[in-house]
Amino acid sequence: MNLLIQLESRINRLISRHEKGAVRTMRGACTLASLLVINGYFGYQPFFRSPLMIVGLTIFCAMIPLSASSLVIMGILLLELFALSTQVALVGLGLFLVAFFVTNFYGAKHLHNIVFLPLAYPLQIPYALPMISALTGGVQEVAGIICGGILSYYFLLVRRNSALLMEGGKAASLPGLLMSNMFSNSLFYFYMVALMLMFMVTYTVRERAVHQSWRLAAGSGIVTEFLVMMVGYLLTGNRGRILSLFIVNVILFALGVILSFFIKNLDYSRVENVSFEDDEYYYYVIAVPKIRLTEEEKHIKRITKEADRGEAEQ
């Protein structure tokens, strides 16, 4: 355990010394992954498939805030949809505008969820976003999770029916496709319920005054999501996807443990109950100290020629 704590302390000190570089690296990695997913998922604009363009956009988005880089990614997504069909792009633009209005109305700070959650769906890891937002944000972030979930299914619908939706094709069939493949799809509702319940369960458990609350929150949220989606797969005849869902959830739990270890590493063996009062209230406080290792004191003995002579004379 001490070895892990020492490793955590060293990594945190390293990140704190290079905080700007670490944040830019994270933003660049998110941008690069998003561009690769867009090119693999859609790829209707050859301009954005150029390696030089990918590198340039990655560097540019690494230098700007995450919310701004998510707007850049959203613009690229809309351009890809315009290359497919004007009607599809306008519907996508409308969904993005509604999503931004809803998230801003409820005060959500993780606006990137409405862009990155749909892009995480092709990688089979959309549930990482509600878990991370529930562990690091407030309850208002559920608005972005809901909007991102709707957008992820819309992009899935567009990809599966791209041949029908191309300009010159049956573009007028988009409303019918939305009704038959999205709103009439039972798995869509299981997916949305799983996202919302995962977020709410994780957030609720995280806020409880219990030991190992962050790890319990991650585990309980993942179990809830797994049960909902497993029932959905069984009822809709998608039993073959249960194994991959289980593997993804194991990876997500490991991610949640890592987050709790580096962000909320608390020593629950030394919990203190503190009480105090003022003129109006009496307060009961549960204090959980953070795990810290004291630095080992190093004693350095200096050996000089004079000391050697003194010892020789004696």
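Colleague: Before we look at any pairs, what is a salt bridge here?

Modeller: A salt bridge is a side-chain nitrogen of Lys or Arg within 4 Å of a carboxyl oxygen of Asp or Glu. Keep in mind that this is a predicted model. As a general idea, side chains of opposite charge can pair when their charged atoms come close.

Colleague: How many salt bridges does the structure hold?

Modeller: It holds one. The partners are Arg206 and Glu207, and their closest N and O atoms lie 2.5 Å apart.

Colleague: Is Arg206 buried or exposed? And what about Glu207?

Modeller: Arg206 is buried, because its relative accessible area is 16% and the cut-off for buried is under 20%. Glu207 comes out at 39% relative accessibility, so this residue counts as partly exposed.

Colleague: Thanks, that helps. Which residues form a negative surface patch?

Modeller: Glu277, Asp278, Asp279 and Glu280 form that patch. Let's take Asp279 as our example. You will find Asp279 in the loop between β1 (272-277) and β2 (282-287). With a relative accessible area of 84%, Asp279 is exposed.

Colleague: Now for greasy side chains. Which residues form a nonpolar patch on the surface?

Modeller: That patch is made by Leu243, Phe246, Ile247, Val250 and Ile251, and together they have about 500 Å² of accessible area. Ile251 sits in helix α13, which covers residues 242-263. Ile251 is exposed, because its relative accessible area of 54% is over the 50% cut-off.

Colleague: Where is Ser260 found, and is this residue buried or exposed?

Modeller: Ser260 is also found in helix α13. Its relative accessibility is 1%, so Ser260 counts as buried.

Colleague: What is the relative accessible area of Cys30, and what is the value for Cys61?

Modeller: Cys30 has a relative accessible area of 28%, so Cys30 is partly exposed. Cys61 has a relative accessible area of 0% and is therefore buried.

Key. Residues are numbered from 1 along each chain as its sequence is written. This is a predicted model: local features need pLDDT of at least 70, side-chain atom pairs count only at pLDDT 80 or more; totals for chains, interfaces and linings use all residues. Side-chain values use heavy atoms; hydrogens and water are left out. Patches are made of residues with over 30% relative accessible area and no salt bridge: like charges are joined within 9 Å, nonpolar side chains (Val, Leu, Ile, Met, Phe, Trp, Tyr) within 5 Å. Accessible areas come from the Shrake-Rupley method with a 1.4 Å probe; for residues, only the protein chains shown count as cover. Lys and Arg count as positive and Asp and Glu as negative; His and the chain ends are not counted. The place of a charge is taken as NZ of Lys, CZ of Arg, CG of Asp or CD of Glu. Helices (H or I, at least four residues) and strands (E, at least two) are DSSP runs, numbered from the N terminus. Buried means under 20% relative accessible area, exposed over 50%, partly exposed in between (1.4 Å probe, protein chains only).
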